[in-house]
Amino acid sequence: MKRIPTNIITGFLGAGKTTAILSLLARKPENEKWAILINEFGNVGVDGAILEQQGAIIKEIPGGCMCCVAGLPMSVGINALLAQKPDRLLLEPTGLGHPKEVIKKLTSGVYKDYVDLRATITLVDPRHFADSFYTNNENFQDQLALADVVVANKIDQCDDYDLFTFQSAVEQAEPKKALIGEVELGKLELEWLDIPRIERQAQHSHHHHHDDHHHDIAPEPEIELLPGQQFIRKENHGQGFHSCGWFFAADQRFEFSKLFSLFSSLNANRVKAVVNTENGCFAFNVVNQVVSVNELSLDGFESRIEVIDSEVLPWDELEQILRSIILYSEDNK
């Protein structure tokens with residue numbers, strides 16, 4: 001088979017990776033079939049549910065950074081997608097992930113005859129360069145160090161100082177970046193995907209992820225509710241962050257206005273969700289308590305809600321609130 005053009009799309013929590021991939025999919029050549037390997041820190045698969053709307057071939061690796069599970073689960077995911085003979089393969093590691101081991105896997109002898117790894121693209125929010133929470137984070141630093149293309153996203157929300165700080169930081173990189181871009185709404189240019197990759201060095205050793213229990217484990221089975229079960233809750237922690245996700249049965253309908261208010265008031269690093277409401281199915285994306293909403297054409301779909309923060313939040317209390325704003329089940333409305 002021919003070598004498949006492949007890109008890694010990285011970026012820290014809330015940088016806009018999924019939005020950027022959605023934008024690329026909306027503008028891809030009509031005759032091309034794209035495949036996407038998605039890795040989420042949480043366990044309930046919100047991003048995959050959103051990206052499936054664009055007709056791409058999707059495979060998910062939940063529950064931790066892709067580099068931590070760069071053994072069997074990642075290989076299984078890549079192999080399954082390559083078997084579909086796509087015209088392009090994109091990998092979206094979790095925002096808390098480190099791309100070093102992913103690059104190493106894709107350039108190994110196992111995949112060199114099948115994968116044509118091109119530019120690694122890192123999205124950033126320029127406002128984060130003035131915040132030590134991000135700039136002192138090793139993953140944030142190495143996502144930048146290993147990028148061939150660095151893209152300032154959300155520039156419509158930034159001031160001149162934000163963009164100056166971003167440019168000053170990125171222009172100091174050695175070797176120089178192949179391209180430094182600025183976009184709104186994650187609108188990457190399609191031609192950026194074909195920029196060649198060059199060998200770059202991470203700033204950190206990555207030793208903090210190498211726990212034996214992460215490697216060469218079998219992929220987790222898909223979430224399935226038992227008959228009569230209304231929801232499943234799954235938690236995860238690592239790299240200084242904690243997540244809690246809920247997977248609700250398809251017949252559960254949430255009250256849109258109360259859900260929007262809840263997400264607006266949640267002081268968490270990241271909230272994302274795909275939820276059935278009385279008005280239809282919507283994707284919610286929350287960064288710094290700013291909520292964006294997009295309607296999805298889904299039917300009979302299980303709702304998924306994921307909250308990520310650097311602190312353990314009162315998950316039980318949040319769960320009670322979520323359950324209190326379910327309007328009805330289809331069987332007893």
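Predicted model: local features only at pLDDT ≥ 70, side-chain atom pairs only at ≥ 80, totals over all residues.
**Group meeting: a cavity and a set of paired strands**

By class, the lining of the largest cavity has six nonpolar, four polar and one charged residues. Here Ala, Val, Leu, Ile, Met, Phe, Trp, Tyr, Cys and Pro count as nonpolar, Asp, Glu, Lys and Arg as charged, and the others, Gly among them, as polar.

Residues are numbered from 1 along each chain as its sequence is written, and side-chain values use heavy atoms, with hydrogens and water left out.

The structure holds one cavity of 30 Å³ or more. A cavity is a set of points, on a 1 Å grid over the protein atoms alone, where a 1.4 Å probe fits but cannot get out; lining residues have an atom within 4 Å of a point. Grid points are joined across faces, edges and corners, and the volume is the space filled by probe spheres set on the points. For the largest cavity, that space is about 40 Å³. Its lining consists of G11, F12, A15, T122, L123, V124, D125, H128, F140, Q143 and L144. Two elements, β6 (121-124) and α6 (138-145), each give two or more residues to this lining. Helices (H or I, at least four residues) and strands (E, at least two) are DSSP runs, numbered from the N terminus.

Helix α6 also holds Q141. Is Q141 buried or exposed? Q141 is buried, because its relative accessible area is 19%, and buried means under 20% with a 1.4 Å probe, protein chains only. Leaving aside residues up to four places away in sequence, Q141 touches T135, N136, Q203 and H204, a contact being heavy atoms within 4.5 Å.

I turn now to the strands, where two strands pair if DSSP finds at least two bridges between them. Strands β9 (residues 231-238) and β10 (residues 241-248) run antiparallel and are joined by eight bridges. Across this pair, K234 stands opposite G245 in β10. Two residues lie between the strands of this hairpin, and Q239 takes a positive phi near 55°.

β10 also pairs with β15 in the antiparallel sense, over seven bridges. There, C244 stands opposite V307, and C244 is buried, with a relative accessible area of 0%. Strand β12 (residues 270-277) runs antiparallel to β15 as well, with five bridges; V274 has R304 as its bridge partner.

How many residues of β15 (residues 303-309) are buried? Seven of its seven residues are. S303, I305, V307 and D309 cover one side, with R304, E306 and I308 on the other, all buried.

How values were computed. 1 Å grid on protein atoms, 1.4 Å probe; cavity = no way out; pocket = protein on both sides within 12 Å on 5 of 7 lines; lining within 4 Å. Buried < 20%, exposed > 50% of the residue type's maximum accessible area, 1.4 Å probe, protein only.
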